[in-house]
Amino acid sequence: MEYICGFTFAPFCGAGVLNSASAKESLKQMQERTGADFVIFAPNGVQKNAHSEEICYTSEATMTDEELVEMIAYAKELGLRVALKPTANCADGTWRAFISFFDYDVVCEAKWSNWFPSYTAFQLHYAKIAEKTGCEIFIAGCEMVMTEHREKEWRKLISDIKEVYHGLVSYNTDKYQEEHVTWWDAVDVISSSGYYPIHDWENQLDRIERVVKKYQKPFFFAEAGCMSVKDSNLVPNNWEVRGDVDLQGQRDWYEAMFEACEKRDWLKGMAFWSWNPKLPTREQALLMGDYEIYQKPAEQVVKEHFSQLTKSR
């Protein structure tokens, strides 16, 4: 598997966003400003709450198939490799990791036996698009922590995806969960969310390395990042951290991640979270305490490392 230097672009955007001229210009800027050679598009599947059985991906809350296909084509024109990562989210704001049901069907209660067919239909819809458009990787969801113990259903889902999509298939587990997924042998690539504390990278990579060696699969971080907020680099997975803007703290986190990851020959890259489809002015960007790195000091760190990594291939 070729090394990944990437970003997730416009995650979970609604209909019409990818059609805009600003989105195409932003994608081009992402490539030019960071040296990225890979992009992840994450279509939004919406269920009402963590215990709803139906996932909708045809409303205004989700990019249309037409604009997604067009954007994939544009990304490839730019020379970017592409992954699709259709992701289930809850309309009430509950984090998707909490999607769950009783382990045994109960009359009048929501059931795994209804939710998984809906999730499978959602995934297969985009797997067919990934096949048609020549996407390099298909990622069958993200951070579905409380579903992952349903090994039989996940193995069936991965098998069904491979019937319609013939590229590399992955799944993006959450941070700290890498060793708890028991069906990594079913996918082609292991991936996780790399939101680890600035001073804990070596420890966490040692732990992940044991998983990679056990399953003998390529690994990359399908998400990773740190907000430009004071103390975010200590708990980068916590998007609710609030405080003063800290551009240096964000920069330091990216430098620490690259320094640790580049020493591991089994680690095949990362796709950072995230890149907006409409870019702010420089003045606006420097005041934003979010995961974006556009116009911030962390952007130059990424450009330097991505440029070196692509040259060394």
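Q: Why is Q295 called buried?
A: In this predicted model, Q295 has a relative accessible area of 16%. Buried means under 20%, so Q295 is counted as buried.

Q: Where is Q295 found, and what is it in contact with beyond its neighbours within four places in sequence?
A: Q295 is found in the loop between helix 7 (282–285) and helix 8. Leaving those neighbours aside, Q295 is in contact with R33, R282, A285 and L286, where contact means heavy atoms within 4.5 Å.

Q: Why does Q216 count as exposed?
A: The relative accessibility of Q216 is 64%. Exposed means over 50%, so Q216 is placed in that class. Q216 belongs to the loop between helix 5 (201–215) and strand 9 (219–224).

Q: What makes the pair formed by Q216 and K213 a polar contact?
A: A polar atom of the Q216 side chain lies 2.7 Å from the backbone oxygen of K213. The limit for such a pair is within 3.5 Å, and the pair is therefore a polar contact.

Q: How do you know that the span of helix 6 is close to the expected one?
A: Helix 6 (residues 247–261) has 15 residues and reaches 21 Å from its first C-alpha to its last. The expected span is 1.5 Å times one less than the number of residues, which for helix 6 gives 21 Å.

Q: What caps the N-terminal end of helix 6?
A: D246 does, with a side-chain oxygen 3.5 Å from the backbone nitrogen of Q248.

Q: Which residues of helix 6 are buried, and what covers them?
A: Among the buried residues of helix 6 are W253, Y254, M257 and F258. The cover includes strand 8 (189–194), helix 5, strand 9, strand 10 (267–275) and helix 8 (297–311).

Q: What is the volume of the largest cavity, and which residues line it?
A: The volume is about 40 Å³. A search of the whole structure finds one cavity of 30 Å³ or more. The lining consists of N276, P280, A285, M288, E292, Y294 and K296, which divide into four nonpolar, one polar and two charged.

Q: How much space lies in the largest pocket, and which lining residues are closest to its centre?
A: About 330 Å³ of space lies in the largest pocket. Of the 17 residues that line this pocket, W95, R96, E143, W239 and W273 are the closest to its centre. By class, the lining has eight nonpolar, four polar and five charged residues.

Notes:
Residues numbered from 1 in each chain as written. Predicted model: local features only at pLDDT ≥ 70, side-chain atom pairs only at ≥ 80, totals over all residues. Heavy atoms only, no water. 1 Å grid on protein atoms, 1.4 Å probe; cavity = no way out; pocket = protein on both sides within 12 Å on 5 of 7 lines; lining within 4 Å. Points joined across faces, edges and corners; volume = space filled by probe spheres on them. Nonpolar A, V, L, I, M, F, W, Y, C, P; charged D, E, K, R; others polar. Helix = DSSP H or I, 4+ residues; strand = E, 2+ residues; numbered from the N terminus. Buried < 20%, exposed > 50% of the residue type's maximum accessible area, 1.4 Å probe, protein only. Polar contact = N/O pair within 3.5 Å; in protein donor to acceptor, adjacent residues only side chain to side chain.
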